[in-house]
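Subject: Structure handover

Hello,

Here is the structure we talked about. Please open it alongside this email and follow the notes below.

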Amino acid sequence: MQAHFKPHAVEVERPDISRWEVSNVGAAPYVHEFKSQEIGADVLITSLVHGNEYTGAIVLSELLALLSSCKLVLHRGSLTAVFANVDGFARFDPTQPDASRFVDQDLNRVWSPALLAGSAQSSELARARAIRPYVERATHLLDLHSMHEPCEPLLITGLLPRNVAFAQSLGGVGQVVMDAGHKDGVRMRDFAGFGSEGGSKIALLLEAGQHWQRASVAAVQNVVIRFLLRAEIVTMQEVIDAGLQAWLAADRKPPAPVQVTHAVVARSMQFEFTQAFTGNEIIAKAGTVIAHDADQAITTPYDNCMLVMPSIRQLRPGVTTVRLGRRVAM
Ligand SMILES: [Zn+2]
């Protein structure tokens, strides 16, 4: 076993979200909604789509407390907050922190209309069917995740230019990554209108940093406020009045987006990186060996290749161990 298989320290405690079980509008459990009188964007923020990634739930819980006590008031539009895979989250065990990602299957691979309308049953399909109406009606989705390894935050946009532009315009939120999704199922952020070229719906997925680090909580706070401001459902004055200015990190011109071009899939249990990569490393020369998979050397396909979320924490044949990308001109 390699040294970096050691579980990461759990710096932030698993939050108690039980006070949010009963919806404030009679919706599905762990779904809360706040509305302004003024018409505007219908923003949906989801956390715990993966049950062990709870930094998003910490921030969403703080946000809901401010909205419930009217310390934060929406300027226009609506905000729906969803704690998604609460059954997976309920199984979180700090001695096995990677084990509670889901109950039966990955909740972020079930978002095809055929699968949701079909007869297959699982804990995650039941939850996806329950929260589908809120996902379907949202004009703006921010899906909060975190990562296996400590890394600068990533905003995953899919391939549609409108999402890339929206992510780049948030400013100061880390690296924007364009990707085509996964072969093993459809993500929430690619569901229905979010993935259609003709529409105007916005969907971003935040990978905030390592699952249980304090820095990841701060990254979520920053992105959440920037997203609400950019969707124009709150103004800076409302952010200041609610005492949320401290959530904002300094403005920073974002680097050019990175487009994912390859997924490296493990063929064996003998997959090992040549270094303890954690993500966003740029490998200067094409042909550089970055990993060995049994007898096979894995090399970079082009110069200045970026490693996106390398991890062998969940290694088994067929698992994606790293994605490769390069910067694109905007
Ligand atoms: Zn996740």
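H145 is buried, with a relative accessible area of 2%. E53 is buried too, at 3%. (Buried means under 20% relative accessible area, exposed over 50%, partly exposed in between, with a 1.4 Å probe and protein chains only.)

This is a predicted model: local features need pLDDT of at least 70, side-chain atom pairs count only at pLDDT 80 or more, and totals for chains, interfaces and linings use all residues. Residues are numbered from 1 along each chain as its sequence is written, and side-chain values use heavy atoms, with hydrogens and water left out.

E53 sits in the loop between β2 (42-47) and α1 (55-68), and H145 in strand β4 (residues 140-147). The two are 92 residues apart, so the pair links distant parts of the chain. (Helices, H or I of at least four residues, and strands, E of at least two, are DSSP runs numbered from the N terminus.)

What is the geometry of the site?

Helix α5

Helix α5 is largely enclosed by the rest of the structure, because 7 of its 10 residues are buried. They are R162, N163, V164, F166, A167, Q168 and L170. Their cover includes β4, β5 (154-156), β6 (175-178), β7 (202-210) and α6. N163 lies in α5 and has a relative accessible area of 0%. Beyond its neighbours within four places in sequence, N163 is in contact with T157, R189, F194, K201, I202, A203 and L204. (Contact means heavy atoms within 4.5 Å.)

Helix α5 (residues 161-170) packs on helix α6 (residues 214-230) at about 115°, with the axes 10 Å apart. (Axes are lines fitted to C-alpha atoms, for helices over the stretch in contact; angles run from 0 to 180 degrees between N-to-C directions.) The contact is made by F166, S169 and L170 of α5 and R226, F227 and R230 of α6. After α5 comes G171, with a positive phi near 70°.

Strands

An open sheet of 3 strands runs in the order β9-β11-β12, with antiparallel pairing. (Two strands pair if DSSP finds at least two bridges between them.) The edge strands, β9 (271-273) and β12 (296-299), each pair on one side only. Neighbouring strands of this sheet are turned by 25° against each other on average, direction ignored. Strand β11 (residues 289-293) is joined to β12 by 4 bridges. D293 has Q296 in β12 as its bridge partner.

Now look at strand β14 (residues 320-327). It is antiparallel to strand β8 (residues 258-265), over 7 bridges. V265 stands opposite T320 in β14. Strand β13 (residues 305-308) also pairs with β14 in the antiparallel sense, over 3 bridges. There M306 stands opposite G325.

Best wishes
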